[in-house]
Amino acid sequence: MSELDSKFKNALAGKKIPPLTLDNKWHRLFTQTQPDKRLQRLEKEIGELLKKQSKANTEIKKIKRLKKTLMQEIMDNATASSSGNEKAIKKAEDNKRLLAECNEKITGYEDELFEVPREIDKANRELMLLTMQICYDRLKENEREIAELSEWIRQVREELKEKVIRKEEMEDTNHELYSYMHDIFGAEVIDIFDMKYYNNESGK
């Protein structure tokens, strides 16, 4: 772990970070970038852990409903089994065995529910740090390109300004030339030369 990562992790210690993969805005961060295998791996890992957590919760609810049914059957058959009814005794034993299995399964799922949130949080924090790294790298790259484009725009503006001034100067020069020629040679002569030069140019 780098010193920077260590500082980040210390700064984030104790802060609750909801799973990023469930946030649509997190997905939108990467709509214009190439897929990153590290991100994809962590996204998949978190997805599988969330499914595992959801399944454990669902299974516990189902098993608790089954336990309630079994307990009710044990209570309903209590009188018959205590009177020596073999069928009732066998049913009571089966129910007690099933209850023990239910308790064992609930304990297993509860153990999962104790560990899985930690695993989700660990993977989620890794994903957050990686997301920050990728986004800040992109921000820095964009800022570098923005600076280059700003410099190019500045230079083009200066060049454009120079060319606009040059264009206006040449237009003024042409106007003066034409005006002097008109004054010196007269309108009739200028019209003849206009026809000669401009017609030749248009016929090229």
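Predicted model: local features only at pLDDT ≥ 70, side-chain atom pairs only at ≥ 80, totals over all residues.
Residues are numbered from 1 along each chain as its sequence is written, and side-chain values use heavy atoms, with hydrogens and water left out.

First, the overall picture. The protein has 4 helices and 0 strands; helices (H or I, at least four residues) and strands (E, at least two) are DSSP runs numbered from the N terminus. Of the 204 residues, 19% are buried. Buried is under 20% relative accessible area, exposed is over 50%, and partly exposed is in between, with a 1.4 Å probe and protein chains only. Among contacts between residues at least 6 apart in sequence, 80% join residues at least 24 apart, a contact being heavy atoms within 4.5 Å.

Now some of the bridges. Lys62 and Glu59 pair at 3.5 Å, N to O. They sit 3 residues apart in helix 3 (residues 37-82), so about one helical turn separates them. Lys62 is partly exposed at 42% relative accessibility, whereas Glu59 is buried at 19%.

In helix 4, Glu141 and Arg144 are 3 residues apart, about one turn, and their closest N and O atoms are 2.5 Å apart. Arg144 is partly exposed, at 38%. Salt bridges with shared partners also join Asp94, Arg97 and Glu101 into one network. Within it, Glu101 and Arg97 meet at 3.1 Å, N to O.

Next, the patches. These are built from residues with over 30% relative accessible area and no salt bridge, joining like charges within 9 Å and nonpolar side chains (Val, Leu, Ile, Met, Phe, Trp, Tyr) within 5 Å. Lys and Arg count as positive, Asp and Glu as negative, and His and the chain ends are not counted. A charge is placed at NZ of Lys, CZ of Arg, CG of Asp or CD of Glu.

Which residues gather in the patch of negative charge? They are Glu110, Asp111, Glu115 and Glu119. Glu115 is found in helix 4 (residues 86-202).

The nonpolar patch includes Met181 and Phe193, and its residues together have about 950 Å² of accessible area, from the Shrake-Rupley method with a 1.4 Å probe, where for residues only the protein chains shown count as cover. Met181 is partly exposed at 36%, and Phe193 at 42%.

Notes: Salt bridge = Lys/Arg side-chain N within 4 Å of Asp/Glu carboxyl O.
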